[in-house]
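Subject: Structure for you to look over

Hello,

Here is the structure I promised. Please open it next to this email; my notes follow below.

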Amino acid sequence: MLDVIMHIHYRESCFLKIDTMEIVNPFDYLKKYLPENPNEEDYQKLPSLESLHIYPLPSYEFICHKEIMSWYVKEMVEDKEFRKKLFSVLKYHDYMDKFYEVLESNHLYDEFRDFSFDYYYSVFKEWCKEREIPLEFKS
């Protein structure tokens, strides 16, 4: 689950079906409740996502990726040139994929994942708490 949260981008939504712990597309999921040629009334009769135990995961704005990435660079990256490179990536609006790409190419993605585990875990726990979802997180 944390890998999914780590990769939630700007203007992107991911949904979790909490009873199965699956990431689902709610629109595709709801299709199975519709007849072959649905009319407006059929759409109005659809169950709510909440009743199906489907919730949107934390949003990009809620997560603060840039903060944990900056903290990682400050605390873990010793090489000045490499640190400079990572900080320059973080200056861009669309920084996430490039940041992960640079880490991967330097074989540091797993280190970042381990470093940020507690942060993303706390984001997930807070999200569960706000929705009163009684989940015990298992990595």
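The protein chain has eight helices and three strands. Read from the N terminus, the order is α-β-β-α-α-β-α-α-α-α-α. Please keep in mind that this is a predicted model.

Overall shape. The radius of gyration is 19 Å, well over the 14 Å that the globule rule gives for 139 residues, so the chain is more spread out than a compact globule. Along the principal axes, the C-alpha atoms fill a box of roughly 60 × 30 × 20 Å. Buried residues account for 36% of the 139. Take the contacts between residues at least 6 apart in sequence: 67% of them join residues at least 24 apart.

The sheet. Three strands make an open sheet, ordered β2-β1-β3, with antiparallel pairing. The edges are β2 (22-24) and β3 (54-56). Each has a single partner strand, so one side of each has no neighbour in the sheet. On average, neighbouring strands are turned by 40° against each other, ignoring direction. Three bridges join β1 (residues 15-17) to β3. In one of these strands, β3, Tyr55 is the bridge partner of Leu16.

The main core. Nonpolar side chains tend to be buried together in soluble globular proteins. Here the largest nonpolar core holds 34 residues. Which of them touch the most other members? They are Met69, Phe99, Tyr100, Phe112 and Trp127. Two or more residues come from each of α1 (2-6), α4 (60-63), α5 (65-76), α6 (80-89), α7 (96-105) and α8 (109-130). The biggest share is from α8, with seven residues.

Phe99 is worth a click. Beyond its neighbours within four places in sequence, Phe99 contacts Met69, Tyr72, Val73, Leu86, Val89, Leu90 and Phe112.

Helix α5. This helix has twelve residues. From first C-alpha to last, α5 reaches 16 Å, close to the 16 Å expected at 1.5 Å a residue. Its buried residues are His65, Ile68, Met69, Ser70, Tyr72 and Val73. What covers them? The cover includes α1, α4, α6, α7 and α8. An α-helix has 3.6 residues a turn, so residues three or four places apart point the same way. Look at the buried residues of α5, among them His65, Ile68, Met69, Tyr72 and Val73, with that in mind.

Best wishes

Conventions. Residues are numbered from 1 along each chain as its sequence is written. This is a predicted model: local features need pLDDT of at least 70, side-chain atom pairs count only at pLDDT 80 or more; totals for chains, interfaces and linings use all residues. Side-chain values use heavy atoms; hydrogens and water are left out. A nonpolar core is a set of buried Ala, Val, Leu, Ile, Met, Phe, Trp, Tyr and Cys residues joined through side-chain atoms within 4.5 Å. Buried means under 20% relative accessible area, exposed over 50%, partly exposed in between (1.4 Å probe, protein chains only). Helices (H or I, at least four residues) and strands (E, at least two) are DSSP runs, numbered from the N terminus. Contact means heavy atoms within 4.5 Å. The expected span of a helix is 1.5 Å times one less than its number of residues. Two strands pair if DSSP finds at least two bridges between them. Axes are lines fitted to C-alpha atoms, for helices over the stretch in contact, and angles run from 0 to 180 degrees between N-to-C directions. The radius of gyration is taken over C-alpha atoms; the globule rule is 2.2 Å times the number of residues to the power 0.38.
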